[in-house]
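Please read each point with the structure open.

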Amino acid sequence: MKTLLPTSTAGSLPKPSWLAQPETLWSPWKLQDDGLIEGKQDALRLALDDQQQAGIDIVSDGEQTRQHFVTTFIEHLDGVDFETRKTVRIRDRYDASVPTVIGAVTRPKPVFVKDARFLRQQTDRPIKWALPGPMTMIDTLYDDHYKSREKLAFEFAKILNEEARELEAVGVDIIQFDEPAFNVFFDEVNDWGVAALERAIEGLTCETAVHICYGYGIKANTDWKKTLGSEWRQYEEAFPKLQTSNIDIISLECHNSHVPMDLIELIRGKKVMVGAIDVANEQIETPQEVADTLRKALQFVDADKLYPSTNCGMAPLPRHVARGKLKALSAGAEIVRREISA
């Protein structure tokens, strides 16, 4: 990226009220059939416009075409039965009813490639596309076939690689893998989680990123955060392994969190997407607050490797709040750019 401190979002943006219930995660669609296809494209254009109007440098679809960051991808795969559901513990944090893996998982056709091509046609800015990471995918299912978290993760990694190669072919500049599970299952991350992620990016020439955060601002996550103490050192477990991996960009949560900023030193040499916007409350940051977070991060990452971003997705927030936060992110990054160039 030629722009110094290129801004981006970590993930989702709020959907319009005519497409899905506002301020609600994983809300059902309000449209059907051709109307839904057209509605998703209209929403994607609106999300893109919000980002461009705010001055965001690396834009995305705002995840307007999917209900859930993991299961929407899984819905398009063979070998997973959504009728046979089991209750499992998600991220070792809360119980959820999930679909069951009943056979070999395969990807009969592309999942997001048409949507990514549509986004590419709408803008000349660099675009980033998010996919679920292998470990987070297996943590969102009940496996009644492979009976091995590691084996299923590598099967998903192979499928994700197929999708990622086609996303790259239609012009995606950065492919991001969302791995909140990396903040929970530390032994597995180091034993095979990072290796599965490397399998997912095999052969790609575009930039790759992994997003590891503490989740949306929902009760299960905010309650969990309260148990983590005055310092959140979870990144300490995965960062050394990621530092030696082929992943280009590490995306992490910073603003209003208890993550010690010096943990970024563990991934020195990598590009770092620093969360300078809190997605767990509706208060819009000031540009100066954003700038303060970025200044702190610059103690541990070189300016040409710092990508200001949000802590996580903003789907549950009111649209006007999300727009305000995007503008604050852009303005805060500009303050620091000017300081660096002075």
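1. Phenylalanine 112 and tryptophan 129 are both buried, where buried means under 20% relative accessible area with a 1.4 Å probe and protein chains only. The model is predicted: local features need pLDDT of at least 70, side-chain atom pairs count only at pLDDT 80 or more, and totals for chains, interfaces and linings use all residues. Residues are numbered from 1 along each chain as its sequence is written, and side-chain values use heavy atoms, with hydrogens and water left out.

2. Three aromatic pairs are found in a search of the whole structure; rings of Phe, Tyr and Trp (its six-membered ring) pair if their centres lie within 6.5 Å, with planes under 30 degrees apart counted as stacked, over 60 as edge-to-face and the rest as tilted. The ring centres of phenylalanine 112 and tryptophan 129 are 6.0 Å apart and the planes stand at 45°, so this pair is tilted. Phenylalanine 112 belongs to the loop between β2 and α3 and tryptophan 129 to strand β3 (residues 128-132), so the pair, 17 residues apart, links distant parts of the chain. Helices (H or I, at least four residues) and strands (E, at least two) are DSSP runs, numbered from the N terminus.

3. Phe112 and Trp129 also form one aromatic cluster with Phe73. Over the ring of phenylalanine 112 sits the charged end of arginine 66, 4.2 Å from the ring centre; the criterion is NZ of Lys or CZ of Arg within 6 Å of the ring centre and within 35 degrees of the ring normal. The charged end of arginine 149 likewise sits over the ring of phenylalanine 185, 4.8 Å from its centre.

4. Tyrosine 235 and phenylalanine 239 are both buried. Both lie in helix α8 (residues 235-243), four residues apart, about one turn of the helix.

5. The largest pocket has a volume of about 480 Å³. A pocket is an open set of points on a 1 Å grid over the protein atoms alone, where a 1.4 Å probe fits, with protein on both sides within 12 Å along at least five of seven lines; lining residues have an atom within 4 Å of a point. Among its 17 lining residues, Lys40, His76, Val111, Lys114 and Asp115 are the closest to the centre. Helices α1 (33-54) and α3 (113-122) each supply at least two lining residues.

6. The second largest pocket holds about 290 Å³ of space. Strand β2 gives the most to its lining, with five residues.

How values were computed. Grid points are joined across faces, edges and corners, and a volume is the space filled by probe spheres set on the points. Buried means under 20% relative accessible area, exposed over 50%, partly exposed in between (1.4 Å probe, protein chains only).
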